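Please keep the sequence and the structure in view while reading.

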Amino acid sequence: MDTADRTPASLDLAALAAPNMSPVLGRYFDRSWSHGSGHRLFDTAGRGYLDFANGIAVTALGHAHPRVSAAIHEQVDKLIGPVHTIGFSEPTVRLAAMLADTFPDPLDTVLFLNSGSEAIDGALKLARRVTGRPGIIAFRGAFHGRTIGAASVTTSSLNYRTGYEPLLPSVYFAPFPAAYPEFGGDDEAASAACLRVLESLLQTVIAPSEVAAIIIEPVQGEGGYYPAPASFLRALRRLCTDNGILLIADEVQTGFGRTGEMWAFEHAGIVPDVAVLAKAIANGLPLSAIVTSRDLQQRWGRGAHGTTYGGNPVACAAGIAVLETIRDENLVANARLRGAELSGGLRELMADHPSIGDVRGPGLMIGVELVADRSSGAPDGALADAVATRAAEAGLLVLTCGPSHQVVRWIPPLDVTVPEIEEALRIFEGALEG
Ligand SMILES: Cc1ncc(COP(=O)(O)O)c(C=O)c1O
């Protein structure tokens, strides 16, 4: 493993950033990072941290992955682009075909953009233009991004919306079927109750014939790592099909094998009309995609949307290396197996730690909810923040999520190993004990 420190020793980048870098961006840590190698991030003092944050599920193959780095180097010397507006480049065309092969029929047509938020905005535009309807239904607690369209369907925190009203009109919110704590972990009860509210919304607030799209994260991310029950996703699929509504799956965080299936909607055996991808797609280079049937994007119309940088050849070359690695190294299966081991280890910790209220989530997208009191499920965000801080001090990077930051989220690399999971569990247990 390459552990060379490439930044002058102990350089304090937070101090260097203070005079000129925008204070707008929130950060989980103020540490100064020098470089990454495999599953470790190294700070400027040369200390390595086991990286189970991955830039929030972005560097899903870890840092400086040899195959991804080689593909980037080769493409940088050949053609950086952007070329989209003047023609085609080989990595972009090849990645579109490879991505299409990972989707069930009829999803075979890919529009590349740059970020998750931008792709969400694009998907909302597509839905409105193609259906000729204004309404969008989103779920409470969702995070779909920061651009004005994506923020309009985001309710995971007031800070994403405050001061930006009026946001997009004709956006309606329904409750997300989070089984814990309200339904005591009972998926079916959560699913049935939330469907009743959605049906009532469609009976009394906006007619189905006015709704262009329903947008959902198959596992709610930022909002607290809540998996949508399969029965709920199936009911949404039926409702959309029966009413000519497009079902948009936001797979920005859940995609690329993260949940133990290539796409999280596959757990429910459904096919959405639109899938939105980003994050892990190019292991850290900016790239995102909207994937639909050919028919849908043909009806959207030539020139109905566009991009300068989207699908740039270097990011797409990285994307090809990502897909090839996931395929050749069976990483979807690895996410399933290692995810079961990690969830199992975390559930064992529950026995001795009443502060763990819930362990949930498929594959390597696991939420551990910390509570002040297990019987009421009252969230303990302060404890989760303290545990994440102590874990980092002990050499493990994990992040929090949820409305009170009460959930420690586990998003290890897809090629995480058994010894790394054991190391992380040991550190986490120490951090829980304080
Ligand atoms: C589910 C989901 N959708 C959309 C986004 C927005 O992506 P980006 O930050 O690339 O704009 C995110 C980012 O965290 C996300 O988790």
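Axes are lines fitted to C-alpha atoms, for helices over the stretch in contact, and angles run from 0 to 180 degrees between N-to-C directions. Helices (H or I, at least four residues) and strands (E, at least two) are DSSP runs, numbered from the N terminus. Residues are numbered from 1 along each chain as its sequence is written. The model is predicted: local features need pLDDT of at least 70, side-chain atom pairs count only at pLDDT 80 or more, and totals for chains, interfaces and linings use all residues.

With these conventions, the protein has 13 helices and 18 strands. Its C-alpha trace spans about 60 × 60 × 45 Å along the principal axes. For 434 residues, a compact globule would have a radius of gyration near 22 Å, and the 21 Å of the protein agrees with this. The radius is taken over C-alpha atoms, and the globule rule is 2.2 Å times the number of residues to the power 0.38.

Helix α7 (residues 187–204) and helix α8 (residues 230–243) have axes that come within 8 Å and cross at roughly 30 degrees. The two helices, α7 and α8, are therefore roughly parallel to each other; angles under 35 degrees count as roughly parallel, over 145 as roughly antiparallel, 65 to 115 as roughly perpendicular and the rest as oblique. Glu188, Ser191, Cys194 and Leu195 of α7 make the contact with Ser231, Phe232 and Ala235 of α8, where contact requires C-beta atoms, placed from the backbone, within 7 Å. This contact of α7 with α8 comprises four nonpolar, two polar and one charged residues. Here Ala, Val, Leu, Ile, Met, Phe, Trp, Tyr, Cys and Pro count as nonpolar, Asp, Glu, Lys and Arg as charged, and the others, Gly among them, as polar.

Helix α10 (residues 313–328) packs with helix α3 (residues 66–76) at an angle of about 150 degrees, and their axes are 8 Å apart. As a result, α3 and α10 are roughly antiparallel to each other. Among the residues that meet are Arg67, Val68 and Ala71 in α3, and Pro313, Val314 and Ala317 in α10. By class, the contact of α3 with α10 has 11 nonpolar, two polar and two charged residues.

Helix α4 (residues 90–101) also has an axis that comes within 8 Å of that of α10, and the two cross at roughly 35 degrees. In α4, Pro91, Thr92, Arg94, Leu95 and Met98 meet Pro313, Cys316, Ala317, Gly319, Ile320 and Leu323 in α10. The contact of α4 with α10 has eight nonpolar, two polar and one charged residues.

Aspartate 105 and proline 106 are joined by a cis peptide bond with omega of about 5 degrees, and proline 106 lies in the loop between α4 and β4 (109–113). Another cis peptide bond joins tyrosine 180 and proline 181, with omega of about -5 degrees; proline 181 lies in the loop between β6 (171–174) and α7. Alanine 64, in the loop between α2 (54–57) and α3, has phi near 50 degrees, a positive value in a residue other than glycine.

Which residues come nearest to the ligand? Of the 15 residues around the ligand, these are Ser115, Gly116, Ser117, Gly145 and Val252. A residue is near a molecule if its C-beta atom, placed from the backbone, lies within 6 Å of it. Helix α5 (residues 116–131) gives the most to this shell, with three residues. By class, the shell has five nonpolar, seven polar and three charged residues.

Technical notes
Two residues are in contact if their C-beta atoms, placed from the backbone, lie within 7 Å.
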